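Reader: I am new to this structure and would like to learn how its features are read, one at a time. Could you give the general idea before each case?

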Amino acid sequence: MFYYYEKDGLQLCSLNPNLPLVKSKCPKAGDAPTIFLFERDPQNCRAAFSVNHPGQILAKEEDIRFLDASRMPQGAGDPFLSEQISKGHLRAVNFRHPRWPELLNSHESSGKKRINLLAIGDVGSTLLIGLCLLGRDQISSIGICDISEKVTARWAMEMNQISLPWNYDAFPPVEVISPDQLFDCDLFAFIASKGIPPVGSGIKDVRMAQFEANSAIVSHYAKLAREKHYQGLWAAVSDPVDPLAKTAFLASNQNEHGEFDGLGLFPQQIQGYGLGVMNARAAYYAKRDSRFTDFLSEGRSFGPHGSDLVIANSISHYDDTLSKELTQLTVTANLKMREIGYKPYVAPAISSGALSLLLTLEGKWHCGSVYLGGAFMGVKNRYTSTGIETEVLSKMPDLLFDRIENASKNLRSLI
């Protein structure tokens with residue numbers, strides 16, 4: 001049975017009849033979102049999300065079954081809630097999260113957004129170019145910060161000298177900012193990286209080789225975001241994307257004793273941006289080999305920007321052998337570029353970075369890592385008026401689900 005409540009004029013509902021809220025009368029459909037209050041461990045699930053299947057509010061815990069309708073609870077549910085879900089009006093909020101009241105009235109602000117970038121190296125500068133040239137309708141301005149003042153001075157001058165004739169304000173302006181200004185924005189992109197293995201180093205998993213050094217940097221800035229009470233989106237772009245996203249979440253939510261207190265970044269405030277280029281690389285190979293053609297219309301990508309990546313050649317006609325072959329080609333594409341003699345950063349900076357960030361700002365479907373059952377998992381997702389929404393497939397093939405489940409398990413074991 002579902003129980004209805006009211007709080008500050010908002011309509012709330014829950015499975016718990018004992019919540020300390022004022023009981024409401026019969027539910028009324030309206031334009032404002034209906035809030036469903038659930039209770040789960042706040043360290044291992046999102047604090048809020050957009051509900052697109054009843055099983056997401058009936059399940060006892062959050063995990064990758066949220067991606068597959070056939071594996072979620074199939075209860076009859078509530079007619080009113082079913083209607084709200086179909087209209088995209090139902091937001092789930094974790095009542096056990098210490099800051100849950102803040103999520104009742106949360107909404108996306110309209111208009112262009114301010115973006116701040118940390119580190120303007122190879123990836124950062126390429127990302128910057130992409131955002132400036134492609135983001136004129138979504139971005140108001142871009143702040144850049146780097147350990148080198150010469151680097152930021154150079155790129156501020158370069159980017160502000162790009163313009164259309166007689167339309168000199170077409171592209172967002174770029175300005176140099178200090179570390180203290182990094183979180184005065186709507187979207188913060190972490191692109192800093194330390195110790196990138198050089199071409200010819202022989203290291204097979206280049207992404208994970210950077211984890212130890214980069215996690216220390218991420219932790220520093222995550223704690224700064226906590227101090228600043230940052231409310232925008234934290235975009236993890238540096239490798240390894242998915243573990244670094246979780247590092248940011250945990251570091252920002254630790255008190256001075258190293259204990260989790262939930263007073264930092266909400267998990268849904270953080271997203272990893274590495275899956276976009278993996279999806280694009282799979283499409284690259286699918287265009288060049290007719291055996292993989294189905295990927296271009298029916299394929300999906302899941303999991304991390306790394307060795308546990310899962311490429312599905314097709315959802316409706318899944319072929320495990322073909323999918324694993326296409327996955328292997330995709331995972332090793334960066335090594336092919338290194339064999340040519342170059343660092344593979346252009347496609348990641350544009351596909352995972354600029355294009356995916358702009359799709360995020362537009363509220364459109366994109367590939368990215370969202371917090372799901374204790375790990376940042378790469379999935380098709382979008383931000384909506386009721387929160388972050390992940391794609392739910394009607395029925396996922398067992399072999400595909402097993403691969404995704406294994407990737408999620410390995411991600412959770414990393415940190």
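Author: Let us begin with a single side chain: Phe260 counts as partly exposed, because its relative accessibility is 26%. The word follows from cut-offs, since buried means under 20% relative accessible area, exposed means over 50%, and partly exposed is whatever falls in between, with a 1.4 Å probe and only the protein chains counted. Before we go on, please keep in mind that this is a predicted model, in which local features need a pLDDT of at least 70 and side-chain atom pairs count only at pLDDT 80 or more, while totals for chains, interfaces and linings use all residues. Residues are numbered from 1 along each chain as its sequence is written, and side-chain values use heavy atoms, with hydrogens and water left out.

Reader: How is a pair of aromatic rings described, and how many aromatic pairs are there here?

Author: In general, two aromatic rings are described by the distance between their centres and the angle between their planes. Rings of Phe, Tyr and Trp (for Trp, its six-membered ring) are paired if their centres lie within 6.5 Å, and planes under 30 degrees apart are called stacked, those over 60 edge-to-face and the rest tilted. By this rule there are 14 aromatic pairs. One of them is the stacked pair of Phe190 and Trp234, with 6.2 Å from centre to centre and 15° between the planes. This pair links distant parts of the chain, for Phe190 belongs to strand S10 (residues 187-190) and Trp234 to strand S11 (residues 233-236), 44 residues apart. Helices (H or I, at least four residues) and strands (E, at least two) are DSSP runs, numbered from the N terminus. Phe190 counts as buried because its relative accessibility is 1%, and Trp234 counts as buried because its relative accessibility is 1%.

Reader: At what angle are the planes of Phe249 and Phe260, and where do these two residues lie?

Author: The planes of Phe249 and Phe260 stand at 65° with the ring centres 5.8 Å apart, so this pair is edge-to-face. The pair again links distant parts of the chain, with Phe249 in helix H7 (residues 241-252) and Phe260 in the loop between H7 and strand S12 (270-272), eleven residues apart. Phe249 is buried, because its relative accessible area is 1%. Elsewhere, Phe183, Phe188, Phe190, Tyr230 and Trp234 form one aromatic cluster.

Reader: Which residue has its charged end over the ring of Phe401?

Author: A charge is said to sit over a ring if NZ of Lys or CZ of Arg is within 6 Å of the ring centre and within 35 degrees of the ring normal. The charged end of Arg71 sits over the ring of Phe401, 4.0 Å from the centre of that ring. In another case Lys380 lies over the face of Trp365, at 5.3 Å from the ring centre.

Reader: How many salt bridges does a search of the whole structure find?

Author: A salt bridge is a side-chain nitrogen of Lys or Arg within 4 Å of a carboxyl oxygen of Asp or Glu, and the search of the whole structure finds 19 of them. Among them, the side chains of Glu175 and Arg114 meet at 2.6 Å, N to O. Glu175 in strand S9 and Arg114 in strand S7 are 61 residues apart, so to speak a link between distant parts of the chain. Glu175 counts as partly exposed because its relative accessibility is 39%, whereas Arg114 counts as buried because its relative accessibility is 13%. Another salt bridge joins the side chains of Asp320 and Lys324 (3.2 Å, N to O), both in helix H10 (residues 320-331) and four residues apart, about one turn of the helix. Salt bridges that share partners also join Glu61, Asp63 and Arg65 into one network.

Reader: What does Asn214 touch, and is Asn214 buried or exposed?

Author: Contact means heavy atoms within 4.5 Å. Asn214, placed in helix H6 (residues 211-227), touches Phe190, Ala192, Ser193, Lys194, Ser238, Asp239 and Leu244, not counting residues up to four places away in sequence. Asn214 is buried, because its relative accessible area is 0%. Phe190, then, is both a contact of Asn214 and a member of the stacked pair with Trp234.
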